[in-house]
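Subject: Structure for you to look through

Hello,

Here is the structure I said I would pass on. Please open it beside this email; my notes follow below.

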Amino acid sequence: MDSQNLPAAGGLSAEELELLALLMEEEGLDATTPQTILPRTQQAELPLSFAQQRLWFLDQWEPGNAAYNIAFALQLTGQLNIPALQQALNTIIARHEALRTTFATVDEQPIQVIAPAAPVPLPLTDLSQLPEPEREAEARARRRASSQTAFDLTRGPLFVAELLRLRPDEHIVLFAMHHIISDGWSSGVFQREMIALYTAFSQGRPSPLAPLPIQYADFAIWQRAWLQGEVLEQQLGYWQRRLAGLPVLDLPTDRPRPPVQSHRGAYEPLS
């Protein structure tokens, strides 16, 4: 197989990565790879990544706000092996520390708290006896309710799952988690691993997934150690130069805000 024809990280080709490196060099950015991320050797107080700290700050402002929830569903058709599905879910939670992480405050600073691996509840709701219109409406309502779960970052869990039975051979698994422990890219990883694990366990085979060399907390430690001092100043300086002299965007401010935010909104697509 010719590696030159394979997409590189983030879906970029080798040629695109080379062009990106040249552009970074022209802008005065250091394109060299920082120190390798290593697994931590002690369970001391674990810092948040910068992305996690942003979300933690927003939650301090409005605790339990579901605006930063990530929710998705897997539709399963055919005979379902529920014990294999439960085993796959437990394996993923044990495999990824981020999915069993909560956030405490020590000396006015947030830290990550990683709980030991434990079986994850997967409650089953049987909707198969309802008439079809009611069944579909109830499934939609439960999916909406799952996506609106109010997560408590200090207590957790920050991940929930629910199994809906629509027919004997048709099920939907609902997943919801707070954005502070996941993102869109991670959701794709989660779904691929769930499918791989369920397929293996339902056939009586062991997990096909290799052990993870590092965890997200290891990345947070690495990021905090790397992105400071001269490196941080270089990154900030780049954006200060790029944004210098831009015109101020004059947005209308004649829309009074309600006492309680509804978070109802819309979007307008354009090309």
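Two residues are in contact when they have heavy atoms within 4.5 Å of each other. Among contacts in the chain between residues at least 6 apart in sequence, 73% join residues at least 24 apart.

Some ground rules come before the rest. This is a predicted model, in which local features need pLDDT of at least 70 and side-chain atom pairs count only at pLDDT 80 or more, while totals for chains, interfaces and linings use all residues. Residues are numbered from 1 along each chain as its sequence is written, and side-chain values use heavy atoms, with hydrogens and water left out.

The chain as a whole

Seven helices and six strands make up the elements of the chain; helices (H or I, at least four residues) and strands (E, at least two) are DSSP runs, numbered from the N terminus. Their order from the N terminus is α-α-β-α-β-β-β-α-β-β-α-α-α. The C-alpha trace spans about 65 × 55 × 50 Å along its principal axes. Of the 271 residues, 30% count as buried, where buried means under 20% relative accessible area, exposed means over 50% and partly exposed lies in between (1.4 Å probe, protein chains only).

Just after helix 7, Gly-245 has a positive phi of about 80 degrees.

The largest pocket

A pocket is found on a 1 Å grid over the protein atoms alone: it is an open set of points where a 1.4 Å probe fits, with protein on both sides within 12 Å along at least five of seven lines, and lining residues have an atom within 4 Å of a point. The lining of the largest pocket has 26 residues, and Ala-98, Ile-181, Asp-183, Ser-186 and Tyr-216 lie nearest its centre. Helix 2 (50-61), helix 5 (184-202) and helix 6 (216-226) each supply at least two lining residues. Helix 5 gives the largest share, five residues.

Two residues to look up

His-96 sits in the loop between helix 3 (82-95) and strand 2 (101-106). His-96 is buried, at 18% relative accessible area. Not counting residues up to four places away in sequence, His-96 touches Glu-193, Leu-212 and Gln-215.

Phe-175 belongs to strand 6 (residues 170-178) and is buried, with a relative accessibility of 1%. Leaving aside neighbours within four places in sequence, the contacts of Phe-175 include Ile-70, Phe-72, Leu-89, Phe-159 and Met-194. Between Phe-175 and Gln-43 there are 132 places in sequence and 29 Å in space, C-alpha to C-alpha.

Backbone points

Most residues other than glycine have a negative phi, and most peptide bonds are trans. The peptide bond from Gly-156 to Pro-157 is cis, with omega near -5 degrees. Pro-157 is in the loop between helix 4 (132-147) and strand 5 (159-167).

Which phi does Asp-107 have, positive or negative? The phi of Asp-107 is positive, near 50 degrees, and Asp-107 lies in the loop between strand 2 and strand 3 (109-114). Glu-108 also has a positive phi, near 65 degrees, and is placed in the loop between strand 2 and strand 3. Asp-107 is exposed at 72% relative accessibility, and Glu-108 is exposed at 72%.

Best wishes
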